[in-house]
Amino acid sequence: MRKLNITESDLKDIQQCKPLTWLNTAYQNTQAAPVKPKSKALYEAQNRLQRFAPLLAELFPELEHSKGLIESPLVRADNLNSQINFIGGSLFLKTDNDLPVAGSIKARGGIHEVLCFAQALGLKQGLIHENDTSFLNLGSADAKKLFNKYTIIVGSTGNLGLSIGVIGSALGFKTVVHMSSDAKQWKKQRLRSRGVTVIEHQADYAVAVDAGRKEAQASAFKYFVDDERSPELFMGYAVAALRLKEQLSAAARIVDAKHPLFVYLPAGVGGAPGGITFGLKLLFGDHVHCFFAEPIQAPCMLLGMAGEPNSPPTSIYELGLNIDTDADGLAVGTASQWVCDATRDLLAGVFTATDEKLYEQLYLLNTLENIKVEPSSAIACLGMHMLNTEKGKAYLTAHKLHDSMEDSTHIAWLTGGSFVPKEEYNSYLNKAKFIHEQFLTQSMSL
Ligand SMILES: Cc1ncc(COP(=O)(O)O)c(C=O)c1O
């Protein structure tokens, strides 16, 4: 096994599927992050999304009121906060579970990358020009005819496929999504109903991605969206940080040395949480503390971030784990090396949780905040619990944060859920209710 910056006891917990908090020893060490994404690329992505906004508003009626911007509300969650926060501060939910068009955090990145490709083709064919303030013309019949010659291919656990499939087919591209065995049936059906070709693999996410990559190699008319190493996806996700900054300021939340911001992000292959972390660190520097959250069965980003720079991440299979989690969006065995090498110095740490714990949060979100999420999302709400553990407190001590906790802001990043069919959601909720009642019975008998 490759070198890992993990203690023996943490490694044992990972192998025995025990939940843990891992503090990143490479945090703030820029040497540990050899890939250096440029801040300029973030502002270019923001500008691109702005120029495409009129076209997006035309393609997707649900974007009419936001004038084509794909964004989710930041919601204060006092009821949930009073139940789960024993460390101080206010809790907000970033509701990407309700993100329009694709219903998950993967929308911003996936849509941004397809728009990058459409822009490049449109410029080459003279359908749009560098100085255009709007790319509305890429919705024309001529543009559709052009895009229809190309196939966009992607490998996914479900939600990235949904976002690529939805925007790709709306613009007129042919789209193919290679789905891992963890992908839910309803996500495949939703795509097929839009004319997207879905190829099902009885294997994990890495195999699905690889199959897509191989398919695209064969032709100049095929474009592969590479979730394992894509700066375009990464920057699309990162734009969320710019939007969040405005939302925090509208909510009168200060972020500075005396008012720290803690952000808890569910992580799969790492692109979405990595991109957002990159954007947030650029905007808030040392005043924001980003933690990733993973299921005990799939701590691939923990292993990737704990690895050495410029070396392939250790996969969970090398530690004898086998993905078995209801958090399908996070069901990834090997992290993106590119994301690890781009953000290793920015990440405060990673915590892992059992499916039971994330179901409990799913239940609380429903009953206390009337918010419906898929299981992958709910894990974000365990962030404040993590800060209250021995390791979490050690982090607060090391960064001299204890005295600022009353004025801190916590953001649980909810990453998917609004498209989950009613019956599917009800079955999650029933399971969550059962687990919640079991916890109650256990705590009463203590
Ligand atoms: C609901 C949900 N949350 C979080 C993630 C994690 O994103 P990433 O795989 O980019 O780390 C995914 C990925 O598909 C997801 O579907």
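I began with helices H6 (residues 159-171) and H7 (residues 185-192), which pack at an angle of about 10 degrees with their axes 10 Å apart. I noted that helices are DSSP runs of H or I of at least four residues, numbered from the N terminus, and that axes are lines fitted to C-alpha atoms, for helices over the stretch in contact, with angles running from 0 to 180 degrees between N-to-C directions. H6 and H7 are therefore roughly parallel to each other, a term for angles under 35 degrees. I then listed their contact (heavy atoms within 4.5 Å): Asn 159, Gly 161, Leu 162, Gly 165 and Val 166 of H6 meet Trp 186, Lys 187, Arg 190 and Leu 191 of H7.

I reminded myself that this is a predicted model, in which local features need pLDDT of at least 70 and side-chain atom pairs count only at pLDDT 80 or more, while totals for chains, interfaces and linings use all residues. Residues are numbered from 1 along each chain as its sequence is written, and side-chain values use heavy atoms, with hydrogens and water left out.

Next I looked up H2 (residues 39-59) and H10 (residues 271-284), which pack at an angle of about 110 degrees with their axes 11 Å apart. That makes H2 roughly perpendicular to H10, the term for 65 to 115 degrees. Ser 39, Leu 42 and Tyr 43 of H2 make the contact with Phe 278, Gly 279, Leu 282 and Leu 283 of H10.

Last, I turned to the ligand, which 16 residues surround (a heavy atom within 4 Å), and the closest are Lys 106, Asn 159, Gly 268, Gly 270 and Thr 415. I found an oxygen atom of the ligand 2.8 Å from a polar backbone atom of Gly 270, and likewise an oxygen atom of the ligand 2.8 Å from a polar backbone atom of Ala 272.

Notes. Helix = DSSP H or I, 4+ residues; strand = E, 2+ residues; numbered from the N terminus. Parallel < 35°, antiparallel > 145°, perpendicular 65-115°, else oblique. Polar contact = N/O pair within 3.5 Å; in protein donor to acceptor, adjacent residues only side chain to side chain.
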